[in-house]
Amino acid sequence: MYVADGLAGFQIFDLASPGFPALRSDFPTVLRAADIISTNDLAYVAAGENGLHIYSLTNLWSPRLISRCVGVTNARAIALSGTTAYVGDGQYGLKIINVADPAAPVLLGSYTNASMGSIRNVGASGSLAVISDGRTLLLVDASTPANPSLVGTYSSTNFVFSLAAANSKAYLAT
């Protein structure tokens, strides 16, 4: 299990004995780890003002930073769909990043919307991204990453604490 722990960085827990999770690695050098997602021995960390960091997890006792994405300045949330990372860059909008080569991520495009506050949550399903500032959800078509477009909106009556997207559906935790 991987935990983004704000100013404490991120931690890796061993869940082999679910009743007794064991801290396996504590990686405090990532300041303001706001969100983390892992796949294929890689961890993608939304590291606040430190942007997007990508770590190799081949040695869980010692995660190794392999890259930082230029162009992300306030990473608060992240979602992956295939080789594309969707990063909620706080007040700077949604960043769309090609991570096919994790050692050399490439910023493909971005989306901002004046009616949305600071992005807190991101979900992705295919080339569709769902972003939220806690009250408003925007559905963004990123099939043309250099020119993403708004395709839908939703205003929640409750605060959206978290969201996920899969199979063309968005799931909200309110």
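Buried means under 20% relative accessible area, exposed means over 50%, and partly exposed lies in between (1.4 Å probe, protein chains only). Ser81 has 18% relative accessibility, so Ser81 counts as buried.

This is a predicted model: local features need pLDDT of at least 70, side-chain atom pairs count only at pLDDT 80 or more, and totals for chains, interfaces and linings use all residues. Residues are numbered from 1 along each chain as its sequence is written, and side-chain values use heavy atoms, without hydrogens and water.

Ser81 sits in strand β8. Strands (E, at least two residues) are DSSP runs, numbered from the N terminus. Contact means heavy atoms within 4.5 Å. The table leaves out residues up to four places away in sequence.

| Residue | Residues in contact (heavy atoms within 4.5 Å) |
|---|---|
| Ser81 | Tyr86, Ala124, Ser125, Gly126 |
| Leu94 | Tyr86, Val87, Gly109, Ser110, Tyr111, Ile119, Val122, Ala129, Ile131, Val140 |

Next, the cores. A nonpolar core is a set of buried Ala, Val, Leu, Ile, Met, Phe, Trp, Tyr and Cys residues joined through side-chain atoms within 4.5 Å. The largest has 15 residues; Tyr86, Leu94, Tyr111, Ile119, Val122 and Ile131 touch the most other members. Strands β8, β10, β12, β13 and β14 each give two or more residues to this core. A second, separate core of 14 residues includes Leu42, Tyr44, Cys69 and Ala85.

Now the sheet. Two strands pair if DSSP finds at least two bridges between them. Four strands form an open sheet in the order β4-β5-β6-β7, with antiparallel pairing. Its edge strands are β4 (35–39) and β7 (64–69). Five bridges join β6 (residues 52–56) to β7. His53 stands opposite Arg68 in β7.
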